[in-house]
Amino acid sequence: MTTPPPGTTPGETPPARILVVDDNDLTRNFAFLTLTSADYHVDTATGLADARHKAATRRYHALVVDIRLTDGTGTTLVGELGAADPGTAGRCLLVSGHPGDPTPAGVPVLYKPFAAAELAA
């Protein structure tokens, strides 16, 4: 028998855990506040190295990843994680302020600026 995570009771499904990867403090904090307000558990990363470390140590139900990061691209991260777990792309949402950015097939993109309701949907 396992102990339920803190804040849950036996038999209750714990909230989904989401990793938000964005090097922009304002966008990352907005996403964090929006998703925690919607009762998700949220971890944040400021770039690829931080995201790789967190993804290697914890399984995430979803990832919200900025396409343009200081240390690389979000599409690189999605590709790397997808190589290890083919279901990763289906759990990712890419975020971009540039509609012309190349994106992998099958991965939805949310363009900045966006409203809290769009992210939480």
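Modeller: Two strands pair if DSSP finds at least two bridges between them. Keep that in mind, as this is a predicted model.

Biologist: How do you know that strand 1 and strand 2 pair?

Modeller: Five bridges join strand 1 (residues 17-21) to strand 2 (residues 41-45). The rule asks for at least two, so they pair. The two strands run parallel. Among the partners, Arg 17 bridges to His 41, and Leu 19 stands opposite Asp 43.

Biologist: What makes strand 2 and strand 7 edge strands?

Modeller: The open sheet has five strands, in the order 2-1-3-6-7, with parallel pairing. Strand 2 and strand 7 each have a single partner strand, so one side of each lacks a neighbour in the sheet. Neighbouring strands are turned by 20° against each other on average, direction ignored. Helix 1 packs on this sheet, touching strand 1, strand 2 and strand 3 (62-66). The helix direction makes about 170° with that of strand 2.

Biologist: Why is the pair of Phe 30 and Phe 114 called tilted?

Modeller: The centres are 5.9 Å apart, and the limit is 6.5 Å, so the rings pair. The planes make 55°. Stacked needs under 30 degrees and edge-to-face over 60, so the pair counts as tilted. Phe 30 sits in helix 1 and Phe 114 in the loop between strand 7 and helix 4, 84 residues apart.

Biologist: Why is Phe 114 called buried, and what is Phe 30 called?

Modeller: Phe 114 has 12% relative accessibility. Buried means under 20%, so Phe 114 qualifies. Phe 30, at 31%, is partly exposed, because that value falls between 20% and 50%.

Definitions and conventions: Residues numbered from 1 in each chain as written. Predicted model: local features only at pLDDT ≥ 70, side-chain atom pairs only at ≥ 80, totals over all residues. Heavy atoms only, no water. Helix = DSSP H or I, 4+ residues; strand = E, 2+ residues; numbered from the N terminus. Phe/Tyr/Trp six-rings, centres within 6.5 Å; stacked < 30°, edge-to-face > 60°. Buried < 20%, exposed > 50% of the residue type's maximum accessible area, 1.4 Å probe, protein only. Axes fitted to C-alpha atoms, helices over the stretch in contact; angles between N-to-C directions. Contact = heavy atoms within 4.5 Å.
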